[in-house]
Amino acid sequence: MKAWSQRRTGHLLFRFSGIFLLVFAWYLIARHYSGLVVASPLETLSAAGRLLSDPSFISGHFAVSLKRIALALLFGVLAGGVLGLLAGFSEPLRLMIDPLRWMLMTIPGVVIVVVFMLWFGMGDLMVISITACTIAPVMYINVSQAMSSVDKSLLEMAGIYRFPLSMKLRHIYVMTLAGPFFSAVVIAVGNGIRVVVLAEVLGASNGIGHRLAISRTNLDTPELYALALISMSIVGGIEFFLLKPLKQKYMGRKA
């Protein structure tokens, strides 16, 4: 217990040291350049506090983007995860899905945004569809590859001892898939917030991305940096307060 506590304290110290170095480098760069190009950390924090204390921003932009991210993650993770599971069981199905996966992963994000704007117009459906389509291939690859790495000797042993399907799923498949699955979700969250903001900049009338476009037009650099900081905080919050506890629970060890 004492060793675990010391290791955790050491990890926190290294993390805070990394954050401090990043902020210090940011401060030095901000001193060198004009405030129109690089906002200082204090100006950014002040703008972030002003935004987060504004009810119209919370209800009209922040909550809207959060809803879009949550729905896109739900659909993207479900679609990619289920297809990855099926492809892991069926080689012909994997070969049939591969061209679609390759197409979704190679088309530039801006092209997808423009095409989906033509299909769905502006708003929630367009943003959620684009983001889910960029998340699903990441989930699909990780889950299908994890399925191919399931220990065949364990499956043979489970067959010899006639383990029920529920026991095979819980003790063999879930334990093998948990690590790659949660790693893929972490990547999907980071990619998802980028795509949501990009889609909102180009084709939405609300959301963090839309507010970002307004800040850019008004040359309000502190607010622009504050919106980037808020977007990063959303990803960090999902990863550290939702995904890490879930990973620890299902893998039975420290993530």
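The axes of α8 and helix α9 (residues 208–217) approach within 7 Å and cross at roughly 55°, where axes are lines fitted to C-alpha atoms, for helices over the stretch in contact, and angles run from 0 to 180 degrees between N-to-C directions. The two helices, α8 and α9, are therefore oblique to each other, given that angles under 35 degrees count as roughly parallel, over 145 as roughly antiparallel, 65 to 115 as roughly perpendicular and the rest as oblique. In this pair α8 passes α9 in a right-handed crossing; a crossing is called left-handed if the near helix is turned anticlockwise from the far one by less than a right angle, and right-handed if clockwise. Val197, Glu200 and Val201 of α8 make the contact with Ile208, Gly209, His210, Leu212, Ala213 and Arg216 of α9, contact meaning heavy atoms within 4.5 Å.

The structure is a predicted model, in which local features need pLDDT of at least 70 and side-chain atom pairs count only at pLDDT 80 or more, whereas totals for chains, interfaces and linings use all residues. Residues are numbered from 1 along each chain as its sequence is written, and side-chain values use heavy atoms, with hydrogens and water left out.

The chain has ten helices and zero strands, where helices (H or I, at least four residues) and strands (E, at least two) are DSSP runs numbered from the N terminus. Taken along the principal axes, the C-alpha atoms of the chain fill a box of roughly 70 × 55 × 30 Å.

Helix α8 (residues 165–203) contains 39 residues, yet its end C-alpha atoms are only 47 Å apart, short of the 57 Å that a straight helix would reach at 1.5 Å a residue; the expected span is 1.5 Å times one less than the number of residues. A kink of about 45° in α8 is centred on Val174, the bend at a residue being the angle between axes fitted to the seven residues ending there and the seven starting there.

Helix α8 also packs against helix α7 (residues 152–160), their axes coming within 11 Å and crossing at roughly 165°. The helices α7 and α8 are therefore roughly antiparallel to each other, and their crossing is right-handed. Here Leu154, Leu155 and Ala158 in α7 meet Lys168, Ile172 and Tyr173 in α8.

Elsewhere, helix α5 (residues 109–120) and helix α6 (residues 124–148) pack at an angle of about 135°, with their axes 9 Å apart, which makes α5 oblique to α6. The contact joins Ile112, Val113, Phe116, Met117 and Phe120 of α5 to Leu125, Met126, Ser129, Ile130, Cys133 and Thr134 of α6.

An unreviewed UniProt entry places the feature "domain: ABC transmembrane type-1" at residues 62–242; such positions are given in the numbering used here, feature names are shortened, and annotations may be inferred rather than shown by experiment. In the model, residues 62–242 are 89% helix and 0% strand, and the end C-alpha atoms of this span lie 19 Å apart. For "transmembrane region", the unreviewed entry in UniProt lists several spans, including residues 102–120 and 224–243. Residues 224–243 are 100% helix and 0% strand, with end C-alpha atoms 28 Å apart, while residues 102–120 are 89% helix and 0% strand, with end C-alpha atoms 23 Å apart.
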